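Subject: Structure handover and notes

Hello,

Please find the structure below, with the sequence alongside. My notes on what was found in it follow.

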Amino acid sequence: MGLDGRSSSGEQRFGVVLRRYRALAGMSQEVLAQEAGLSRRGIADLERGARNSPYPDTARRLADALKLSSADREEFMAACHRTAKGAAARYRLPIEPSPIVGRQGELADLAGLAGTSRLLTLTGPAGVGKTRLALELAGESEAMYRDGAVLVDLAPVADGALVSATVAATLGVIPAPGQPAAERVREHLHSMQILLVLDNCEHLVTACAEWVDGVLRDAADLRILATSREPMRIHGETVWVVPRLTTADAVTLLSRRAHAAGAPAFTRGEADVVNQVCGRLEGLPLAIELAAAHIPALGVAQVADLLADRLDFLVGGGRVTPPRHRTLRAALDWSFTLLDTTEQRVMTQLASFNGGWNLDAARDVCADGDISRAAVVKALEGLVEKSVVAVEDGGGERRYRFLEIIREYAAERLAGAADAETTRDRHARYFLTVAEAGAATRLGIRYPRDVARLRVENANLRAALRWLLEGERLDAGLELCQALSGFWLSQGFLLEGEEWFERFLDRTGGRSSPAVAAGLYSWGRLAEYAGDLDRALELIETSRSMSSTLDDPTVWSRACCGLGDLVLHHGKYAEALELYESAAETADSAGSVPEKAQALLGLARVTGLMGDPQQSMSWLEQALTLERQLGDRWGVAYVLNEMGLQARRAGRLDQALTLLEECHVLWRQTGTRMGERSAVMNLALVMLELGLVQRAAELARNSLELSLEIGDTGSTASVRCIEIAAQALGGLGEMAIAVRVIAAATERRSQLGAPRPSMEETEILQLLGGSRERLGGSEFEAAWSCGLDLAIRDAVDLAAEELTRRLEMRTSVADPDSS
């Protein structure tokens, strides 16, 4: 029989003909089975020769489903009769007891590779389903090989010298006396057309590579499909990494295996917990099958709870299951023993990372006196090849990570390692360097590239903070908090930042140090933006007092500016002016340019609110000059924002629009969500005064969405967004909603002790007066009373939803045919 499945007379057997016509029809085995009213397994058995020929009725149903022409139908039925008289394939694969779940896309991809590669190796981590996928692929391809397909299980073989003998025994080949098994196997395979499935090659990978390389050179019609946790790395090998199951397939597998074990079908009410279980098991078929075995006795909810200890809980498997597949820990132990000593040590050290790492991080953290940076790189390559570490494309930067199950296993080993403490110390030092790297503004705000890096590394940064806190490394912890404060502020991670500062500062026992003074100030700024003005005032005042004792002019100037901002919220203009003047004088004497720019901006704000626009603009121009000298685009944007507000107050709307648009662009470029919100809400005000109500409503809604995105709905800045949204709603004619929202904002200002500045108060009173006139006294009072009971977060949601509704309504009216 030839490579195309023809007999010596040139006739093709039925399985080959069926496969060809199915391919021409563009049908999968599943689709054909459905159309013909047959099972997919039955069609697979016919195609691979496990069944010699179908019953005549089955053949007719297949021909009907394939919609064959008369000539094709005649050939099809003739092949059925010929095959019934022919011989079966010599070698056959074991029949799996249950159908594979999912993997149709993977099988389609692999079928193409198997047709062009003489050695196809499936790799992947422990429990990902390499063997099952290989057997399914081989089963679908078996009919294409004259001499069939055979499975060689190498898992029980401990000695690489026994690979040839194991293959010979599986093939039923007996060497002549004194003849090496390898020679006899090559003789046997030389003229055969056969698919050889070598399963579990990882622990014998060198021996397997040598044997495969030799036998492929001698047997032209031999094809090998191998499974291994690492490639053989020989010429002609095609390596394919087996992916984890999709969420849908993982749920299906869990459901089927649990039901087969005796559990009732999952209910709709259990859908969330089933998804949770599959998520915790990370799409690993072995882990899913082990978990499913527990569901009949425990139920899926209790299994979900017990997965907190996955490594020890996932125990099971049938009586004939290999020992390494009876527990998840055993499977991981098996993988660990296959690593060399350097790989084992680097794998253990890499458990210090959370959420992945890049190559530089691995070298800095894992290299020590015994392992060089070059050795770390080599070990990392080995861990990737052996499917212990996964590679991800991080948008231009290659990153590495463990599956969480593997990371837990490695973390256990790290906890018991002699160098655990020094490894975690190196991890913390590395991420302090990451946090401090890049250009920072005077408030520590980072630019987009730095923000993106910090977002990617957030889990590692948190792990470093936890380690420093647990080890009472308070100064180092405060240093890392300080480096991250601007990131927390600009990205809206206010509560998280406050919690970390509080944890470290509470353990300092009230001692004075520059790190503590700076930490108190930064904690206070986070509290301010989170809307806790009283706490912010206490923290920043303590920082000022401590920095004065320590003779630290930089932190003292910052604290004065912070206090100035806080008393400004409370409408205490004279006190704020004095604080900003003191800050500016001290910063100037100390040569602290960023702090002087900050103080000048504060002076501009307060003098503008006190009714001296000329002096305010002078301060702003000086601040802008300093910010440009510093190259601080965030600071430039802040000054431009204030200039835009001053221009609006003076009635120079075109100038205000230009300044605020430039400010908006800069804040977007710097990746500062809070700054972007400020620019957007101020642009909405200008649009309202220009009579562009629709555009003002869009901007007001965007500012509210930014508040929700960064998690700030209760600060004075967020309250100001709500008030501007109310003005936009009033412009759209939604007077009752506007009144409710203003009432909620007014109540929040009362809670914060932050009255509106006079110009803002005048605008709000005008809106309320017009609303009362439109609504009437009783409806106005009802709306006001309702708004006073409205939580501030609910007010944000209400305003955003109402603006969205009105904007969609206007869009629909403007374009009635859009639907």
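This is a predicted model: local features need pLDDT of at least 70, side-chain atom pairs count only at pLDDT 80 or more; totals for chains, interfaces and linings use all residues.

Serine 164 lies in helix α8 and is buried, with a relative accessible area of 12%; the cut-off for buried is under 20%. One of its contacts, alanine 182, is 18 residues away in sequence, and the two C-alpha atoms are 5.0 Å apart in space.

Valine 163 is also in helix α8. Its relative accessible area is 2%, so it too is buried. Not counting residues up to four places away in sequence, valine 163 touches Leu204, Ala207, Cys208 and Trp211. For a sense of scale, valine 163 and glutamate 773 are 610 residues apart in sequence, with 94 Å between their C-alpha atoms.

The packing of α8 and α10

How do α8 and α10 pack? Two packed helices are described by the angle between their axes and the distance between the axes. Here helix α8 (residues 163-171) and helix α10 (residues 205-218) cross at an angle of about 60°, and their axes are 10 Å apart. On the α8 side the residues are Val163, Ser164 and Val167, which meet Ala207, Cys208 and Trp211 of α10. By class, this contact has five nonpolar residues, one polar and no charged.

Helix α7 covers residues 130-141, twelve in number. From its first C-alpha to its last it reaches 16 Å, close to the 16 Å expected at 1.5 Å a residue. Eleven of its twelve residues are buried, so the helix is largely enclosed by the rest of the structure. The buried residues are Lys130, Arg132, Leu133, Ala134, Leu135, Glu136, Leu137, Ala138, Gly139, Glu140 and Ser141.

Threonine 227 is in strand β4 (residues 222-227) and is buried, at a relative accessible area of 1%. Leaving out residues up to four places away in sequence, its contacts include Lys130, Thr131 and Ala134, and Lys130 and Ala134 are among the buried residues of α7. Threonine 227 also touches Leu122, Leu198, Asp199, Asn200, Cys201 and Glu202.

Alanine 250 is in helix α11 (residues 247-260). With a relative accessibility of 1%, it counts as buried. Apart from neighbours within four places in sequence, alanine 250 is in contact with Leu245, Cys278 and Ile288. Its C-alpha is 55 Å from that of alanine 559, a residue 309 places away in sequence.

Alanine 287 lies in helix α13 (residues 285-292) and counts as buried at 0% relative accessibility. Alanine 287 and alanine 182 are 105 residues apart along the chain, and their C-alpha atoms are separated by 37 Å.

Two loop residues with positive phi

Which residues other than glycine have a positive phi? Serine 387 is one of them, with phi near 65°. Serine 387 is found in the loop between α20 (373-385) and β7 (390-393) and is buried, with a relative accessible area of 10%. Glutamate 472 is another, with a positive phi of about 60°. Glutamate 472 lies in the loop between α24 (458-470) and α25, and at 45% relative accessibility it counts as partly exposed.

The second largest pocket

The second largest pocket has a volume of about 890 Å³. It is lined by 40 residues, and the closest to its centre are His569, Arg605, Met681, Thr716 and Ala717. The lining divides into 18 nonpolar, ten polar and twelve charged residues.

Which helices each supply at least two residues of this lining?

- α25 (474-491) and α27 (514-529)
- α29 (553-569) and α31 (593-609)
- α33 (633-649) and α35 (673-689)
- α37 (716-731) and α39 (758-775)

That is the end of the notes.

Regards

Terms used
Residues are numbered from 1 along each chain as its sequence is written. Side-chain values use heavy atoms; hydrogens and water are left out. Helices (H or I, at least four residues) and strands (E, at least two) are DSSP runs, numbered from the N terminus. The expected span of a helix is 1.5 Å times one less than its number of residues. Buried means under 20% relative accessible area, exposed over 50%, partly exposed in between (1.4 Å probe, protein chains only). On a 1 Å grid over the protein atoms alone, a cavity is a set of points where a 1.4 Å probe fits but cannot get out, and a pocket is an open set with protein on both sides within 12 Å along at least five of seven lines; lining residues have an atom within 4 Å of a point. Grid points are joined across faces, edges and corners, and a volume is the space filled by probe spheres set on the points. Ala, Val, Leu, Ile, Met, Phe, Trp, Tyr, Cys and Pro count as nonpolar, Asp, Glu, Lys and Arg as charged, and the others, Gly among them, as polar. Contact means heavy atoms within 4.5 Å. Axes are lines fitted to C-alpha atoms, for helices over the stretch in contact, and angles run from 0 to 180 degrees between N-to-C directions.
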